[in-house]
Amino acid sequence: MTKFKLKNGVSEEEIFTSLNSLKSGDINWKDGKTFGAVYYPGDKYASVISKAYNLFMHENAFDPQLFKSLLTMENEIVRQIGNLFKAEKEVYGNLTSGGTESIFLSLLSAREWSLKNRSISNPEVILSTTAHPAFLKAMKFLKIKPVVIPATKCFNLDIDKFSSAINDNTILLVGSAPAYPYGMIDPISHLSEIAIKNNLLLHVDACIGGFLLSYLKKLDYNIPSFDFSLEGVTSISVDLHKYAYAPKGSSVLLYKNAELRKSQFSVYSNWEGGIYASTSFMGTKPGGIVASSWTALNHIGEDGYLELTKKTMNATSLIKDFILNNQDLSLIGEPQMSLIAFKSDTIDIYQLADKLNDLGWYIGRLQNPSGIHLVVSQIHADGAAKQFVIDLEVIINQLKKKNIRNGVGKIMDKGAAKILNLMPFNKLRQTLVKAAGKDQQIPHKKRIIYNIKEELDLDDSNELFRSIMDGFYS
Ligand SMILES: Cc1ncc(COP(=O)(O)O)c(C=O)c1O
């Protein structure tokens, strides 16, 4: 890293030399190397969206009376997404910083609303093991008890167990459309019936896929209802920084009624600094993100999104068909959109994942069962999906060769994990934190980490990953 003399500031030229040099070591996401984390609509749309961001970069959307422009745009975004999700007359919502914040606020409002209207002071929320960890994270902050129901053998939300788990403290049911791990839509219409019958709130986490699912419906895909067309659905979260291709930091949380939304507002009317009120978790709220999200929705437009959706699904089909026709791989569950989960009974799936990393691909890893996870989007349609299946085939053939190298490799993996697991926990932690921070060996040998983790109890394993994270930021 360049050592700058900070006293006089650094010239634009030097700054960009440094930034470009830092960036040159990053993954090549523009070529579609990332299956998740990055959603890009292509240079043409992106340049317009960036211009809108720059135009409002210094404005603050915190105070609705300060920048009328931002208020108008936020309200329009909420209405547009409400229309997409079949909100009948009125819809109530706000722009938030991302899926995690939308989820946090949906739980906060459920807690506050249920305390006020149902006098529940020890709230419980029922969710499936496949729901996103943002729910558990938020419930820890909010002191809500999570009641986590294991998914069925077919990887679905277990509707019978959900029903049986309801008690007098239950405030909210959570369903996902779709859930991240297997890309399957939970039975939201069933959940809606149960919520109505038991006078409960129902949140639909449509963060990753809700936007795309709405467009798949327009393209006549067979997508079950998951939105406000179901009477029991009381709130929906949908991220614009995913398939709506807005810049990072953009999500919408929608409510069926105003009372619920008001329950998420923070108001301190007696504060010495003046009357304080904010709609979301954020105080200062970036104007750039409001303007660029509004621009993404209105500049890409319905025709643009239909086109991007078709491209996404073409790329998804290409990869899905390869998996379905490959004797060593099989899909996990039944993906309903562009999230793909697959496993293998013949080769070590984590070894395959590491080899994909070696070739520059960023993919996700699943547990119980072990698998690989892909979030496919339009960026994969222009060659990346094709290249990915070529690389998959080459790696599978390499891994299947019963040669000395593969044999020794496997023994070494197992041996390394065994030796490391023999260490006292503190030593193990120290060794792994050092290895993770020192070079790139850990990311390319994540399978060893997964093997080690299997032998640890949950507390130790959480402590290990907390320390590894800590090491990255030191
Ligand atoms: C289903 C689902 N919900 C919530 C989130 C959290 O979103 P964010 O990372 O924007 O906080 C994700 C992220 O991938 C997700 O897939």
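The C-alpha centres of domain 1 and domain 2 sit 36 Å apart. Domain 1 covers 52-298 and domain 2 covers 404-472, with bounds that come from an automatic or database domain assignment. Keep in mind that this is a predicted model: local features need pLDDT of at least 70, side-chain atom pairs count only at pLDDT 80 or more, and totals for chains, interfaces and linings use all residues. Residues are numbered from 1 along each chain as its sequence is written.

**Around the ligand**

- Gly98, Gly99, Thr100, Ile103, His132, Ala134, Ser176, Tyr180, Asp205, Cys207, Ile208 and Asp239 surround the ligand; a residue is near a molecule or strand if its C-beta atom, placed from the backbone, lies within 6 Å of it.
- Helix α4 (residues 99-118) gives the largest share of this shell, three residues. Helices (H or I, at least four residues) and strands (E, at least two) are DSSP runs, numbered from the N terminus.
- Sorted by class, the shell has five nonpolar, five polar and two charged residues. Here Ala, Val, Leu, Ile, Met, Phe, Trp, Tyr, Cys and Pro count as nonpolar, Asp, Glu, Lys and Arg as charged, and the others, Gly among them, as polar.

**Helix α5: one face in, the other out**

- In α5 (residues 134-142), the buried residues include Ala134, Phe135, Ala138 and Met139. Buried means that 20 or more other C-beta atoms lie within 10 Å of the residue's own, exposed means 12 or fewer, and partly exposed is in between, with C-beta atoms placed from the backbone.
- Look down the axis of α5 and its buried residues fall within an arc of 130°, so they line one face of the helix; the arc is that of the directions from the helix axis to the C-beta atoms.
- An α-helix has 3.6 residues a turn, so residues three or four places apart point the same way.
- Lys140 and Phe141 are exposed on the other side of α5.
- Covering the buried residues of α5 are, among others, α4, β2 (124-128), β3 (145-149) and β4 (170-176). Contact between two residues means that their C-beta atoms, placed from the backbone, lie within 7 Å.

- β2 pairs with β3 in the parallel sense over five bridges; strands pair if DSSP finds at least two bridges between them. Serine 128 is opposite isoleucine 149 in β3.
- β2 also runs parallel to β4, joined by three bridges, and glutamate 124 stands opposite threonine 170 in β4.
- β4 in turn pairs with β5 (201-205), again in the parallel sense and over five bridges. Serine 176 faces aspartate 205 in β5 as its opposite number, and both Ser176 and Asp205 are part of the ligand shell.
- Both strands are mostly covered: four of the five residues of β2 are buried, as are seven of the seven in β4.

**The antiparallel sheet**

- Four strands make an open sheet in the order β10-β11-β13-β12, with antiparallel pairing.
- Its edge strands are β10 (330-331) and β12 (364-366), each pairing on one side only.
- β10 and β11 (residues 339-343) run antiparallel and are joined by two bridges, with leucine 331 opposite phenylalanine 342.

- Most residues other than glycine have a negative phi, and most peptide bonds are trans.
- The bond from alanine 177 to proline 178 is cis, with omega near -10°; proline 178 lies in the loop between β4 and α7 (188-197).
- Another cis bond runs from asparagine 368 to proline 369, with omega near 5°, and proline 369 belongs to the loop between β12 and β13 (371-375).
- Lysine 86 has a positive phi near 60°. Its loop lies between α3 (68-84) and β1 (92-96), and lysine 86 is partly exposed, with 17 other C-beta atoms within 10 Å.
- Asparagine 199, in the loop between α7 and β5, also has a positive phi, near 55°. With 9 C-beta neighbours inside 10 Å, asparagine 199 counts as exposed.

**Threonine 295**

- Threonine 295 is in helix α10 (residues 287-325) and is buried, with 22 other C-beta atoms within 10 Å.
- Leaving out residues up to four places away in sequence, threonine 295 touches Val48, Ile49 and Ala52.
- From threonine 295 to aspartate 457 is 162 residues in sequence and 48 Å in space, C-alpha to C-alpha.
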